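Hi there,

Here is the structure I promised to pass on. Have a look at it first, and then read my notes below.

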Amino acid sequence: YSDKISRKLSKTRLVKSYSSIDERPVQNSSDFVPKPPKSSAEFAYERQLRIYTQNEMLFKQALKNRLPVGFELIAKTRLADIAAVKESMLYQDAYFNKIKAKHIDFTIVSENTGVFVAAIELDDSTHNRPDRIARDQFVNTLFKSIGISLFRISVKNSPDDYQPEITSIIQSLPPVCPCCSTVILVKKKDSKLSCPYCKKDNICPQCGDYLVRRKAKASNTEFIGCKGFPSCRYTEKL
């Protein structure tokens with residue numbers, strides 16, 4: 001019993017011998033490790049130099065130059081900002097915890113409405129680890145269940161190397177109203193795409209493809225043209 005008291009007293013003297021409890025060395029796993037002080041925000045953090053990795057920067061440069069009017073590229077979007085736990089599910093906190101700390105490299109949203117239309121993940125060698133494989137499978141299933149296209153792209157050495165994948169992404173994007181640049185997600189029963197804002201039907205009367213906003217290279221003026229160009233050369237004035 002006296003030995004126990006001696007050990008407790010020695011530990012008490014150890015703590016008191018330091019000016020701050022945060023300076024106390026950890027002697028073994030049983031020692032008490034204090035919580036960080038409330039003022040730790042003043043000295044516990046440092047500035048991150050950049051939001052993008054080198055691979056993400058290359059891809060961003062390649063996609064942003066080709067992204068059509070009406071869409072916006074967003075970086076580092078949390079899964080919790082894209083998906084929500086169904087109200088009917090039990091254990092809401094447990095399901096939310098699975099998505100609150102995960103993010104997607106890039107998302108494409110409607111510039112006017114903020115609606116998510118596509119997501120992009122750049123896969124480097126770290127995605128071959130067992131823990132990342134399990135994480136990727138979870139993310140793939142989530143996006144399939146909420147109805148948003150997820151594109152997985154292997155990292156490349158230059159922006160030009162991404163062009164085939166970017167072409168596939170752009171071709172999958174929903175049509176955009178050529179008048180007000182609103183992304184059109186709902187198709188009418190009569191097969192006409194109607195803009196929810198300007199109520200314009202945006203189907204080419206000649207070939208039935210989508211109408212899009214285009215810009216003439218010579219005059220730099222915008223006009224409405226058929227997405228099927230050059231096969232279809234139907235145009236309208238804005």
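How do the residues of the lining of the largest pocket divide into nonpolar, polar and charged? They divide into 18 nonpolar, five polar and six charged. Here Ala, Val, Leu, Ile, Met, Phe, Trp, Tyr, Cys and Pro count as nonpolar, Asp, Glu, Lys and Arg as charged, and the others, Gly among them, as polar.

Before the rest, a word on the source. This is a predicted model, in which local features need pLDDT of at least 70 and side-chain atom pairs count only at pLDDT 80 or more, while totals for chains, interfaces and linings use all residues. Residues are numbered from 1 along each chain as its sequence is written, and side-chain values use heavy atoms, with hydrogens and water left out.

**Pockets**

The largest pocket holds about 750 Å³ of space. It is lined by 29 residues, and those closest to its centre are P68, V212, R213, R214 and K227. A pocket here is an open set of points on a 1 Å grid over the protein atoms alone, where a 1.4 Å probe fits, with protein on both sides within 12 Å along at least five of seven lines; lining residues have an atom within 4 Å of a point. Grid points are joined across faces, edges and corners, and the volume is the space filled by probe spheres set on the points.

At least two lining residues each come from α6 (163-172), β5 (211-215) and β6 (222-226). The largest share, four residues, is supplied by β5. Helices (H or I, at least four residues) and strands (E, at least two) are DSSP runs, numbered from the N terminus.

The second largest pocket has a volume of about 380 Å³. Of its 13 lining residues, A84, V85, Y95, L142 and S145 are the closest to the centre. Its lining has nine nonpolar, two polar and two charged residues, and helix α5 (residues 130-146) gives the largest share, five residues.

**Helix α5**

With 17 residues, α5 reaches 25 Å from its first C-alpha to its last, close to the 24 Å expected at 1.5 Å a residue (the expected span is 1.5 Å times one less than the number of residues). Its buried residues are R135, D136, V139, L142 and F143. Seen down the helix axis, these fall within an arc of 125 degrees, so they line one face of α5; the arc is that of the directions from the helix axis to the C-beta atoms. The face turned away from the buried side carries the exposed residues P130, T141, K144 and S145. Buried means under 20% relative accessible area, exposed over 50%, and partly exposed in between (1.4 Å probe, protein chains only).

**The sheet**

Three strands form an open, antiparallel sheet in the order β5-β6-β7. Since β5 and β7 (235-236) stand at the edges with a single partner strand each, one side of each is left without a neighbour in the sheet. Strands pair if DSSP finds at least two bridges between them, and two bridges join β6 to β7. G225 stands opposite T235 in β7.

**Backbone details**

Most residues other than glycine have a negative phi, and most peptide bonds are trans. The bond from F229 to P230 is cis, with omega near 10 degrees, and P230 is found in the loop between β6 and β7. Phi of Y91 is positive, near 55 degrees; Y91 is exposed, with a relative accessible area of 67%. N220 also has a positive phi, about 60 degrees, and lies in the loop between β5 and β6.

Best wishes
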